[in-house]
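Me: I would like to understand the terms used for the structure below, and on what grounds each of them is applied. Could you take my questions one at a time?

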Amino acid sequence: MRLDEIKNALQCEILTKNNDLSLVEVDTVLASDGMSEILASPHPGALMVTGLTNIQSVMTANFADIKAIVYIRGKVPNENTVSFAQQKGIHVMATKLGMFDVCGLLRQYGMKGVI
Amino acid sequence: MAEELFRKAFTIYGGNFSRAGESSTEIKEILKGLHIDNTIIRRSVIVAFEAEMNVVMYASTATLNFIITDEDICFEILDQGPGIADIEQAMQEGFSTADDELRAMGFGFGMGLPNIKKNSDHLLIESDVGKGTKLSARIRLNPDASP
């Protein structure tokens, strides 16, 4: 699924800039608010779905070679965290939907889960 | 005997969440600059990051020695902290002494030490309750080489 399709499906606001989301494709989702849970099942190139917005969420994505993060429940990371994601080439977006709905929708579109 | 090629020491401060993970971020950049295999880099930085977060969450301070030899990537973390009373128990997935405040930061779910073990080719943890913990982890540059 391309990131622009994910943006539309989840009604996301894009937080990082200068991204052509149609060029980035993901097929696997890691969904958790626990960062060690994400690191326990690293899947390079995956999409991370989380409600944790501190800078360690982006660091976790960076260490696990994750391409993009969707922040849920209307949570938005601060400017410093978004800037760090931009610097590391990680696409960041936010949706008002909760974890259950986000995962359910992504599943409907054929995305696979890891954890 | 492995030949040491690079060494850098980082100081990590307990409770400093605003800077937690900075050492591991720098370690990733160093390893990327050396064009080391992506899987080895990923395993190494997961070890470094989990160890760094353990110090931030539980200890007062620590030194993280990051060493690259011609055979492996090594991390030695010596902390001043409460120590671990039962290391075997601490290695079990899901076991945690973290409180809700730490969990709200995204950590403390009992996966840190298991993640370190899973991503290390060699791991040694020595602890003195009330004084601190020494964690030594090695990741081989050539996973097929004999240990």
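Reply: What follows is a set of questions and answers about this model, which is a predicted one.

Me: How do you know that chain B is as compact as a globular protein of that length?

Reply: Chain B comes to five helices and five strands, which run β-α-α-β-β-α-α-α-β-β from the N terminus on. Its radius of gyration is 15 Å, and the globule rule, 2.2 Å times the number of residues to the power 0.38, gives 15 Å for 147 residues, so chain B is as compact as a globular protein of that length. Along the principal axes, the C-alpha trace of chain B spans about 40 × 30 × 25 Å.

Me: What makes chain A agree with a compact globule?

Reply: For 115 residues a compact globule would have a radius of gyration near 13 Å, and because chain A has 12 Å, the two agree. Chain A has five helices and six strands, and its C-alpha atoms fill a box of roughly 35 × 30 × 25 Å along the principal axes.

Me: What share of each chain counts as buried?

Reply: A residue is called buried if 20 or more other C-beta atoms lie within 10 Å of its own. By that criterion 48% of the 115 residues of chain A are buried, and buried residues make up 38% of the 147 residues in chain B.

Me: Why are strand 1 and strand 4 of chain B said to stand at the edges of the sheet?

Reply: The five strands of chain B form an open sheet in the order 1-2-3-5-4, with antiparallel pairing. Strand 1 (4–13) and strand 4 (122–128) each have a single partner strand, so one side of each is left without a neighbour in the sheet, and they are the edges. Direction ignored, neighbouring strands of this sheet are turned by 10 degrees against each other on average.

Me: What makes strand 2 and strand 3 of chain B a pair?

Reply: Two strands pair if at least two bridges are found between them, and strand 2 (residues 61–69) and strand 3 (residues 72–80) of chain B have eight, in the antiparallel sense. Within this pair B:Ala62 stands opposite B:Asp79, and a hairpin joins the two strands through two residues. By the same criterion, strand 3 and strand 5 (residues 132–140) of chain B pair over nine bridges, again antiparallel, with B:Phe75 opposite B:Ala137. Strand 1 and strand 2 of chain B also pair in the antiparallel sense over nine bridges, and there B:Thr11 stands opposite B:Thr63. Helix 2 (residues 38–58) of chain B packs on the sheet, touching strand 1, strand 2, strand 3 and strand 5.

Me: Which residues have the most contacts inside the largest nonpolar core?

Reply: That core has 73 residues, and those with the most contacts inside it include A:Leu47, A:Met48, B:Ala51 and B:Phe75. Helix 2 of chain B gives the most to this core, with twelve residues. Leaving aside residues up to four places away in sequence, B:Ala51 touches B:Leu64, B:Phe75, B:Ile77, B:Ile116 and B:Leu135.

Me: How do you know that chain A and chain B are in contact, and how many residues take part?

Reply: Two residues are in contact if their C-beta atoms lie within 7 Å, and 17 residues of chain A are in contact with 18 residues of chain B. Helix 2 (35–40) and helix 3 (55–63) of chain A each supply at least two residues of the side of chain A that touches chain B. That side has eight nonpolar, six polar and three charged residues.

Definitions and conventions:
Residues numbered from 1 in each chain as written. Chains lettered and ligands numbered in written order. Predicted model: local features only at pLDDT ≥ 70, side-chain atom pairs only at ≥ 80, totals over all residues. Helix = DSSP H or I, 4+ residues; strand = E, 2+ residues; numbered from the N terminus. Nonpolar A, V, L, I, M, F, W, Y, C, P; charged D, E, K, R; others polar. Buried ≥ 20, exposed ≤ 12 C-beta atoms within 10 Å, placed from the backbone. Axes fitted to C-alpha atoms, helices over the stretch in contact; angles between N-to-C directions. Core = buried A, V, L, I, M, F, W, Y, C linked by C-beta atoms within 7 Å.
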